[in-house]
Amino acid sequence: MSLIHLHLRPTMSSNVTLQPALPTLDKLGVSLPTGIDSNVIASEWFRAFSQHAPSNDVEGLLTLFVEDGWWRDMLALTWEFRSFHGAAVIRKFLHSRLASTKLSSFNLGESVLSQPFPDLVWIQGMFDFETDVGVGTGVFRLVPQPDGIWRAHNICTTLDGLKAFPEKIGALRNLLPDHGKWEDKRAQERGFLDEDPKVIVVGGGLCGLDIAARLKQLDVPTLVIEKEGRVGDSWRRRYDALCLHDPVWLDHMPYLPFPPSWPAYTPARKFGNWLEFYADALELNVWTSSTVEHAERHEDNTWTATVRRSDGTERKLHVQHLVLALGWGGAPKWPNIPGQDMFAGKVLHSTMHKTGKDFTGKKVVVVGTGTSAHDISADCYENGADVTMVQRGPTFVISLKASTTIVAGLYKEGGLPVETADRLANSLPFSLLKFVQKRIIEDLTNVIDKPLLDGLKKAGFKAWAGPEGLGIVNLAWMRSGGYYIDVGTSQLIIDGKIKVKSDSQIERFTEVGLKFEDGSVLDADVVVFATGFEPPGSWIAKICGDGIASQVGPIWGLNEEGEARNAWRWLGVPNLWYMIGSVAMARYHSKFLALQIKAQLEGLHGTRYTE
């Protein structure tokens, strides 16, 4: 491998204990020259990588990495979601998995010199490869070293498909004409009249439809059980003012993107209609007005699910896999505040709110300051209510303009294809991504959002940058809440049109409102608790029983490697899965869950790497 020389500066003494950090030029001990040919450097590095990997040369591979490098793997080598940090850990992982995975057929794609920040420069490349059973894609980022060589600081490998079972899309779609038989065939498929499905998905919302669509293209007979009368009703039944706060470029679903005329921000009812259209267009098998009353696991790790239909009849279905797609949380979370029985007004959870028109002329107190709390407060104010928000803890607030900055360059009008953007966005281990996010949040709060945040502070609203100053991405991954993307409510707070009570905690209800620990009182006709939900794992006990639930760890949040806990992956119980996430998360990760299920059904799934 030839040397690409750099202007060298004295290097700092290395730390014995590896700590996650961005590979800044200062940390690397180099300054960057001009005239870098990123294609030449990437090609030379990749040529060496594609020689060492198939020959199982672990030590040769390690020479291509910096000492504190990272390797993130999503199923390709580990059949897990893992992030390995440092040469010693990567060495152990490769000695265990490299030979058995049989990496081959390497092909280098595009490589570019990228400079996310003035002091952070790397050459980013993408590539394809094959394993013994699958096809995969990878992303690497090379950084300059004092010895003149560019080495990998981080690499990500992902399993994208199974060689023997490609998705039935494009050239592999059904090419035969159908003359008058389609409706009868669909009724037969949807009803599972001749056989039971291989997979049952409990929940026909966004996540349930995503995984059902993925499994259908892998030719896995799948049935979705949805309690509502129509697909999409879970969105239609929410409060009228609800709208997606992520832009359309981020929110496409698998196989069927939104049309180019679609609005940038989707109203909830419109999104519900889209989900119904999506299920119909992709011919997904959904039983509406139906519930899984109980699911029993057998010794051979199969399941018998008892399904109650809308007419009261029950059917027992014997399936190989059970997927729960029941959303971010369990039952609505109600704070335990004494005295509610004496309160003369109305108390409801945010899930029960429909429209602010119900409270015209009323004094409305909204407890909570997350997204739903802001939406409901604005809805009530705009319909003539006197609104006060009760803030129990600090909330991360970001403007709509600033929020689009976070994803700019990846998801935008005329930008990268969604599949490419997904690959890049998910390629950095979270332990590195958080440093990128922290820098972005610091810039946004000090520049773009400074007037907004200063105004909120003056109004008594407690805004913050989130734990460790990491902002919205960290809060989404750790809590799936605790933030608000401002679409107008913040200005109402700044203008004093919506009041904020943030200086004391609620002590109890009174007959006419709420009393606080500092002795202050707040009159109310209506109290709305926008206080979130119980943990999502509570659904497992309800459907599968306490014995199964006791074997499952917490769902959501990040583990010590920065990977999502028990979502889209091994849950602790064979053939039981939990599908969860935002629109973008579900789109991307549903592929991995479907591949795991298909690989297990076909006997291709390898041993999970757990060391």
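Trainee: Over the ring of which residue does the charged end of Lys-501 sit?

Mentor: This is a predicted model, in which local features need pLDDT of at least 70 and side-chain atom pairs count only at pLDDT 80 or more, while totals for chains, interfaces and linings use all residues. Residues are numbered from 1 along each chain as its sequence is written, and side-chain values use heavy atoms, with hydrogens and water left out. A charge sits over a ring if NZ of Lys or CZ of Arg is within 6 Å of the ring centre and within 35 degrees of the ring normal. The charged end of Lys-501 is placed 4.8 Å from the centre of a ring, and that ring belongs to Phe-516.

Trainee: How far from the centre of the ring of Trp-287 is the charged end of Arg-309?

Mentor: In this arrangement the charge is contributed by Arg-309 and the ring by Trp-287. The charged end is placed over the ring, and its separation from the ring centre is 4.0 Å.

Trainee: At what angle do the planes of the rings of Trp-45 and Phe-49 stand?

Mentor: Rings of Phe, Tyr and Trp (its six-membered ring) pair if their centres lie within 6.5 Å, and planes under 30 degrees apart count as stacked, over 60 as edge-to-face and the rest as tilted. In this structure there are 31 aromatic pairs. The centres of the rings of Trp-45 and Phe-49 are 5.1 Å apart, and the pair is stacked because its planes stand at 15°.

Trainee: Which helix holds both Trp-45 and Phe-49?

Mentor: Helices (H or I, at least four residues) and strands (E, at least two) are DSSP runs, numbered from the N terminus. Trp-45 and Phe-49 are four residues apart, about one turn of the helix, and both are buried, a term for under 20% relative accessible area, with exposed over 50% and partly exposed in between (1.4 Å probe, protein chains only). The helix that holds them covers residues 38-52 and is α2.

Trainee: Which residue forms an aromatic pair with Trp-477?

Mentor: The pair in question is stacked, with 5.3 Å centre to centre and 10° between the planes of Trp-477 and Trp-556. It links distant parts of the chain, 79 residues apart, with Trp-477 in helix α14 (residues 471-478) and its partner in the loop between α17 (546-549) and β26 (576-578).

Trainee: How many of the eight residues of α14 are buried?

Mentor: The buried residues of α14 are Gly-471, Ile-472, Val-473, Asn-474, Leu-475, Ala-476 and Trp-477. Helix α14 is therefore largely enclosed by the rest of the structure, the count of its buried residues being seven.

Trainee: Which Tyr belongs to the aromatic cluster that contains Trp-45 and Phe-49?

Mentor: The cluster takes in Trp-45, Phe-46, Phe-49, Phe-65, Trp-71, Phe-84, Phe-93, Phe-106, Phe-127, Phe-129 and Phe-140.

Trainee: Which residue of β10 does Val-199 stand opposite?

Mentor: Strands β9 (residues 199-202) and β10 (residues 222-225) run parallel and are joined by four bridges. Across from Val-199, the residue in β10 is Thr-222.

Trainee: What is the relative accessible area of Trp-79?

Mentor: Trp-79 lies in the loop between β3 (65-74) and β4 (81-85), and its phi is near 50°, a positive value in a residue other than glycine. The residue counts as buried because its relative accessible area is 8%.

Trainee: In which strand is Ser-105 found?

Mentor: Although Ser-105 is not a glycine, it has a positive phi of about 50°. Ser-105 is partly exposed because its relative accessibility is 46%. The strand in which it is found spans residues 104-117 and is β5.

Trainee: How many Å separate the C-alpha atoms of Leu-410 and Glu-226?

Mentor: Leu-410 is in the loop between α10 (400-407) and α11 (418-425), and with a relative accessible area of 25% it is partly exposed. Along the chain, Leu-410 and Glu-226 are 184 residues apart, and their C-alpha atoms are separated by 34 Å.

Notes. Pairing = 2+ DSSP bridges.
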